[in-house]
Amino acid sequence: MPGGRNAPLAERIDELGMTEQELADALNHSIEQNTGRQRSITDRYIRYLLAGQITWPWPDTRCALEDVLQRPVSELGFQPRGNSSSPIGDRARRLEVPTKGPSPVERRRLIGIAGGLAAGVALPAIPPLPERGRLGMSDIDRLRQPLAHLVTIDGQQGGVDLPAVAARYARSMLDAMEQLEVSTRVEAAAYTLAGEYLALAGWFAVDSDDLPVAADYLNQALRAASIAGDPMLQAQIWNYMVMRARQAGTHTEAHAVARAGLHSGAARRNPKVAALFHARVAHSHAVRGERGLAERSLARASDALLRADESAPTPPWLAFVNESELAGLSAMAYNALGRHQQAESAARQALSPAPQTGTRNQIHEILHIVDARLGLTDTTLATTEAGNALALASQLRDGVRRGRIAGRLRIVRKRLTRCPQQAARAWIDAYDETLAVAA
């Protein structure tokens, strides 16, 4: 008589992300590989197993189940009838899947990645993954855990030294897929996760002002997102591509990518994505001197943000999109338009919830104020704010010498050399001294 639904078998299949048809195909393949005989197990047969209508499969099927699912049949909900058969099967596999440590041997990779961990960056070790058998959703969940930690470190300390760190997590995921069998669902999830780490690596390279490396990582991330078919990941990558293009001075490219993000499925479904890309488009209009278009885009960004459901799950990369961030993006657009009073007001609004803002972003907002005051030829207040930025930058990991903030500080220094006031000379001396100590 049927023994009821086979919950252990269902849980293991779900953990590996397999469909009934994928399991049937894998069992047929295992039987042929191990016995030389062809079988025609179907998805219907799998449903019989799951329903408990078959409580003790044939020996070759038991061996194949152990082979594919990497568990003894006794742990998969099957029990022999009477004492006539062993619960393990004639060709039982190992009971546990060996794991490997955080430094896997280099193997073929679908996407080339530079490796290596940066000194002084405290991060969780790469979780151990199976060495043989199948990759499951639980393995991907373990490897996902450091992602939010990387985002937090980036917000506080910036991305300098982090590109290769993020890339190593991606490499672990891709290396595992080279060695292990995966279901369609697990494969998509694995490419999504690898793409998320590669996207972060690209962003960290942008923040490090290493734009060629950033382009490489972001292109790799786009390939992974395309394979995974993940529109939210594509939106994340486009956002970083906009920032890279803007930093490189290729504003036409930045505008085109921002518009692509704005018209994406992710922006249609998620108001925060729409708000972000409306603000990116606003900046590109501002750079072109298109004041009306820039202001309309900023207004649309605000409207989109009002529609956002704060209780809805938000990907870690999108968590920064809020009223403060939108104010900071507005400040940048207003400075580009030459509307420096509005730029300063918006930047101060972005700074108002200081405890919620990471150090790196605080510095950028302060430098927006510096840009605004220099635009208004107010050297005294500009140098006061620039002093605050310099002090905070000194707290970052190599924040005065390398990266986007270091680049902005160099621009401030260059602008202040044209100012005759003593305050400007004093700030330049303080900057040069800080730079010498950091060298």
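Reader: W427 and Y431: buried or exposed?
Author: Both W427 and Y431 are buried. Bear in mind that this is a predicted model.

Reader: Which helix are those two in?
Author: Helix α19, residues 422-438. W427 and Y431 sit four residues apart there, about one turn of the helix.

Reader: Why does that spacing matter for direction?
Author: An α-helix has 3.6 residues a turn, so residues three or four places apart point the same way.

Reader: How many aromatic pairs are there in the structure?
Author: Three. One of them joins W203 and Y240, and that pair is stacked. Its centres are 5.7 Å apart, with 20° between the planes.

Reader: Where in the chain do W203 and Y240 come from?
Author: Distant parts. W203 belongs to helix α7 and Y240 to helix α9, 37 residues apart.

Reader: New topic. What span should helix α8 have, and what does the model give?
Author: Helix α8 covers residues 211-228, which is 18 residues. At 1.5 Å a residue they should span 26 Å. The end C-alpha atoms are 25 Å apart, so the two agree.

Reader: Which α8 residues are buried?
Author: Among them are L211, Y217, L218 and Q220, plus several alanines, including A214, A221 and A228.

Reader: What covers them?
Author: The cover on the buried residues of α8 includes α6, α7 (184-207) and α9 (231-248).

Reader: What follows α8?
Author: G229, with a positive phi near 65°.

Reader: And α6, how many of its residues are buried?
Author: 14 of 17, so α6 is mostly covered. The helix runs over residues 163-179 and reaches 25 Å from its first C-alpha to its last, close to the expected 24 Å.

Reader: Cavities next. How many of 30 Å³ or more?
Author: Five, from a search of the whole structure.

Reader: Which helix gives the largest share?
Author: Helix α18, residues 404-416, with three residues in the lining of the largest cavity.

Methods. Residues numbered from 1 in each chain as written. Predicted model: local features only at pLDDT ≥ 70, side-chain atom pairs only at ≥ 80, totals over all residues. Heavy atoms only, no water. Expected span 1.5 Å × (residues − 1). Buried < 20%, exposed > 50% of the residue type's maximum accessible area, 1.4 Å probe, protein only. 1 Å grid on protein atoms, 1.4 Å probe; cavity = no way out; pocket = protein on both sides within 12 Å on 5 of 7 lines; lining within 4 Å. Points joined across faces, edges and corners; volume = space filled by probe spheres on them. Contact = heavy atoms within 4.5 Å. Phe/Tyr/Trp six-rings, centres within 6.5 Å; stacked < 30°, edge-to-face > 60°.
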